[in-house]
Amino acid sequence: MRTQIVAGNWKMNKNLEETEALLSELSAKVPDTKAEIIVAPTFVNLATAVRSLQSSVIQVAAQNMHFAENGAFTGEISADMLLNIGVDNVILGHSERRSLFGEEDSLLEKKVNTALARKMRVIFCFGEELEERKNNNHFAVVADQLKNALFHLEASQWRQIVLAYEPVWAIGTGETATPEQAQEMHAFIRKTIGEAYDHELAEKVTILYGGSVKPGNAAEIFAKPDVDGGLIGGASLKCDDFLAIVKAI
Ligand code: PEP
């Protein structure tokens, strides 16, 4: 059985008071589930999140980090800083980092290497743009993103990788991939990993779907055999919506 995960990417939302309020509501209402539950508040509220969730099953992730150990990188956050406050999950390669902040596969490869070297778990995001899907190029794009940032890894390092397939056209747009489209791509991702490594390894990799997952569509998407949970943006900002998605798994 693969690890199932529902992770909430809060992006640049929730100030300190709002973070505390949402976390205490989540902790109070969290259902009993075999799935792992992760929340990713903004950097400045991570330490608070770790403290408030100390006795909760809910884990904390950062939304990004720099690849360097330390140094003259104004505005950046290192793996050491995250680990030092108790954060050992990190989202890398989110489409907003790629499109708005110019993060390319070669940079992500470095970030992944740093995170893994520091024994962190990476939630690695990737997915095609609308134009690429329209041109029937989506499989090639996704295969390249995986190859460029991850296929240099040793087989044993894949234990620290969680994949999040997020078609860019479905992020924050209200448009979701159909469960069939998600399954088709997840199966392709698993096959691609199987060919690069081996089938057994590919079967063990947790692959999340992300892109306008809501309480009303989560169960259908999560029911697909190669979908192991979700990375949730907008709907993770409301306690009841997020927990309804958790319950759907
Ligand atoms: C995301 O940003 O990772 C995401 C999936 O956002 P949304 O759920 O809002 O589409």
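First, the ground rules. The model is predicted, so local features need pLDDT of at least 70, side-chain atom pairs count only at pLDDT 80 or more, and totals for chains, interfaces and linings use all residues. Residues are numbered from 1 along each chain as its sequence is written, and side-chain values use heavy atoms, leaving out hydrogens and water.

Start with the barrel. Eight strands close up in the order β1-β2-β3-β4-β5-β6-β7-β8, and the pairing is parallel. From one strand to the next, the twist averages 25 degrees. Some terms here. Helices (H or I, at least four residues) and strands (E, at least two) are DSSP runs, numbered from the N terminus. Two strands pair if DSSP finds at least two bridges between them. Angles run from 0 to 180 degrees between N-to-C directions, with axes fitted to C-alpha atoms, for helices over the stretch in contact.

Now two of the pairings. Strand β1, residues 5-9, runs parallel to β2 over five bridges. There, N9 has A40 of β2 as its bridge partner. How many of the five residues of strand β2 are buried? Four of them, so β2, residues 36-40, is largely enclosed by the rest of the structure. Buried means under 20% relative accessible area; exposed is over 50%, and partly exposed is in between, with a 1.4 Å probe and protein chains only.

On to the other pairing. Strand β7, residues 207-210, and strand β8, residues 229-232, are parallel partners over two bridges. G210 stands opposite L231 in β8. Helix α8, residues 179-196, packs on the sheet and touches β5, β6 and β7. Contact means heavy atoms within 4.5 Å. The direction of α8 makes about 145 degrees with that of β7.

Next, the rings. There are eight aromatic pairs. Rings of Phe, Tyr and Trp (its six-membered ring) pair if their centres lie within 6.5 Å; planes under 30 degrees apart are stacked, over 60 edge-to-face, and the rest tilted. Take F151 and W158: centres 6.1 Å apart, planes at 50 degrees, so that pair is tilted. W158 also pairs with Y197, with centres 5.5 Å apart and planes at 65 degrees, so this one is edge-to-face. W158 is buried, because its relative accessibility is 4%. Elsewhere, ring pairs join F124, F126, Y165 and Y209 into a cluster.

Charges over rings come next. The rule: NZ of Lys or CZ of Arg within 6 Å of the ring centre and within 35 degrees of the ring normal. R97 has its charged end over the ring of F101, 4.1 Å from the centre. K110 lies over the face of F67, at 4.7 Å from the ring centre.

Last, the cysteines. How many disulfides are there? Zero, by the rule of two cysteine sulfur atoms within 2.5 Å. C125 is buried, at 0% relative accessible area. C239 is buried too, at 4%.

One more residue: V141, in helix α7. V141 is buried, at 15%. Beyond its neighbours within four places in sequence, V141 contacts E128 and E132.
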